[in-house]
Amino acid sequence: VALSLAALPGATAFTPTLKARAGARRTRAPLKSAVSMEVTPRAWEMGDISPDGSLVQRIEGQTRKTWKFNNIDKDRVQVALESDGRPVHADIQLWCGPDWTPFSLKTYSEDGLKRPVKTLVGTRNKGVMIEVQNKAEKEFPIKAASNYATDDMAKVPHEIPATTEGTIVAGAALRSWPIEEAAKQVEVVLHTDGRQLNAKIELLNAPNNPKQVYEVFTNNGDLNRLVVCFDIPEAGNTIRIINLATVEFPFYASLNQVLGGEGETTRYEGGVQLR
């Protein structure tokens, strides 16, 4: 065959073309990275929000506290709630003006010391107020803190979805992800294309045994993405996400699993675990 090609007119020009085409077929576009490169956990702790403790408030059962934010150049605040080991049952609301609450988050933790509440809330570049209501009885006080997110933390709502494909969760659908035994934290971002977001995220440690729960409603799931962090003190966990809205309101879910040891992280892309 090689001799026959060499005997044909223009074979010298024809042969490199075949090689070029074969080389082109072997070339693939680079895939989007599914593994995070962070070497240290993010600054989710209450001590990161208020290093001197000045923004920490004690909230007795059936009472509320507020934090006011007036800097329209910033669009994200950070909130943390914890207890001395007793349950946390609280609502976090974003107030824009006297009668508009575009974002509402119901939270529950079986143990507010092992599994504190950690979240980011978008302010929409407006003057806003964060309100935390302790829905539990007076025997269950909590501590809460809120402050503008640092530049690195303010990038999280877009950084995690940008580095994963994400999973579409249709209206009234349910998705779940097993968590590795070595995981120390799991970061979750839920967002839409601008439509409403009405969803629940549960950390399960046994079948239908939620250890921590977040339930969100916002009229704009892009401006007010749900961004939460779960501490994982023990093995055998599953993250379950439920879309509480109807079929007209799907959303995207992105998970980042932070493993212990050397700061290694694992991301979930399209519902498939990647290493």
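**Surface, strands and salt bridges**

Author: The protein exposes about 13800 Å², of which carbon and sulfur atoms supply 54%; accessible areas come from the Shrake-Rupley method with a 1.4 Å probe, and for residues only the protein chains shown count as cover. This is a predicted model, in which local features need pLDDT of at least 70 and side-chain atom pairs count only at pLDDT 80 or more, while totals for chains, interfaces and linings use all residues. Residues are numbered from 1 along each chain as its sequence is written, and side-chain values use heavy atoms, with hydrogens and water left out.

Reader: What is the mean pLDDT of the protein?

Author: The pLDDT is the predictor's confidence in each residue, from 0 to 100. In the protein, 80% of the residues reach 70 or more, and the mean pLDDT is 86. Over residues 1–39 the pLDDT is below 50, and this stretch has 25 contacts in the model beyond near neighbours in sequence, a contact meaning heavy atoms within 4.5 Å. Residues 269–275 also have a pLDDT below 50, and for them the count of such contacts is 24.

Reader: What percentage of the residues of the protein count as buried?

Author: Buried means under 20% relative accessible area, exposed over 50%, and partly exposed in between (1.4 Å probe, protein chains only). Of the 275 residues of the protein, the buried share is 45%.

Reader: Why is strand β11 largely enclosed by the rest of the structure?

Author: Helices (H or I, at least four residues) and strands (E, at least two) are DSSP runs, numbered from the N terminus. Strand β11 covers residues 183–191, and it is largely enclosed because the buried residues number 8 of the 9.

Reader: Which residue of β16 stands opposite Leu190?

Author: Two strands pair if DSSP finds at least two bridges between them. Strand β11 runs antiparallel to strand β16 (residues 251–259), and 8 bridges join them. In β16, the residue opposite Leu190 is Ala253.

Reader: How many disulfides does the count come to?

Author: A disulfide is a pair of cysteine sulfur atoms within 2.5 Å. Cys96 is buried at 9% relative accessibility, and Cys229 is buried at 0%. By the distance rule, the number of disulfides is 0.

Reader: How many salt bridges are there, and what is the N to O distance between Glu60 and Arg58?

Author: A salt bridge is a side-chain nitrogen of Lys or Arg within 4 Å of a carboxyl oxygen of Asp or Glu, and the count comes to 14. Glu60 is partly exposed at 34% relative accessibility, whereas Arg58 is exposed at 52%. Their side chains meet in a salt bridge with an N to O distance of 2.6 Å.

Reader: Is Lys211, which forms a salt bridge with Glu110, buried or exposed?

Author: The side chains of Glu110 and Lys211 meet at 2.9 Å, N to O. The pair links distant parts of the chain, 101 residues apart: Glu110 lies in the loop between β5 (103–109) and β6 (117–122), and Lys211 in strand β13 (residues 210–218). Glu110 is partly exposed at 30%. With a relative accessible area of 12%, Lys211 is buried.

Reader: Which residues are linked with Arg42 in a network of salt bridges?

Author: The network of salt bridges links Arg42 with Glu159 and Glu187.
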